[in-house]
Amino acid sequence: MSDTLPPAPVWRPALVLVLAFTVMTGFLYPLTVTGISQALFPAQANGSLVAAGGRSVGSELIGQPFAGEGFFWSRPSATGRMPYDAAASTGSNLGPTNPALLARVRAEKARLEAAHPQAEGPPPLDLLTTSASGLDPHVSPAAAFWQVERVAAARGLPAATVRALVERHVEGRQLGLLGEPRVNVLALNLALERLAAENRP
């Protein structure tokens with residue numbers, strides 16, 4: 001009869017490790033990260049939602065299509081059948097010489113120029129092209145200023161007043177280094193709505 005103990009089942013340490021890592025990575029870590037983010041960054045953790053009139057009207061991070069003459073327009077979106085569909089984030093994936101892209105840009109340029117007869121120069125490039133995600137909530141300052149005359153005329157506001165509103169909504173580079181100056185279209189249009197209400201007779 002052997003004096004040695006029989007070896008422990010080989011599956012026991014594997015099962016203990018699976019259970020331990022399931023608890024740590026599947027429960028403790030997500031709960032810790034969620035708790036910290038909710039405590040320190042509640043707005044960002046909940047989607048950077050924007051509220052107006054007591055209800056959520058969108059997110060600072062996801063663009064929206066604005067079609068009315070009295071609103072600043074966003075850049076085009078290539079997220080399929082519905083623009084700015086966060087569940088279908090994508091670019092057009094069309095190369096610069098693709099005939100379909102060239103035709104779409106020409107059609108968009110003609111549409112924008114027809115809607116902005118008083119604008120100086122051609123439409124800025126970001127009003128003609130989609131972003132890589134199709135969800136970009138920003139336009140360049142040049143794109144916002146280019147639309148001032150149309151928006152001011154539709155709202156019955158002085159162009160200088162609308163231009164000053166755009167200037168106040170130009171966001172600088174992050175940390176003074178990253179990215180480019182930009183304008184959040186949703187924030188600008190909400191401010192425009194408030195401005196129009198204040199000037200309404």
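This is a predicted model: local features need pLDDT of at least 70, side-chain atom pairs count only at pLDDT 80 or more; totals for chains, interfaces and linings use all residues.

Residues are numbered from 1 along each chain as its sequence is written, and side-chain values use heavy atoms, with hydrogens and water left out.

First, the core. A nonpolar core here is a set of buried Ala, Val, Leu, Ile, Met, Phe, Trp, Tyr and Cys residues joined through side-chain atoms within 4.5 Å. Buried means under 20% relative accessible area, exposed over 50%, and partly exposed in between, with a 1.4 Å probe and protein chains only. The largest such core has 29 residues, and Phe72, Val139, Val162 and Leu188 touch the most other members. Helix 7 (185-198) is among the helices that each supply at least two residues, and helix 7 gives the most, with seven. Helices are DSSP runs of H or I, at least four residues, numbered from the N terminus.

Now the salt bridges, meaning a side-chain nitrogen of Lys or Arg within 4 Å of a carboxyl oxygen of Asp or Glu. The count is six. Arg111 pairs with Glu108 at 2.7 Å; both lie in helix 3, three residues apart. Arg111 is partly exposed at 42%, whereas Glu108 is buried at 16%. Lys109 and Glu113 form another, at 2.8 Å, and these two are four residues apart in helix 3.
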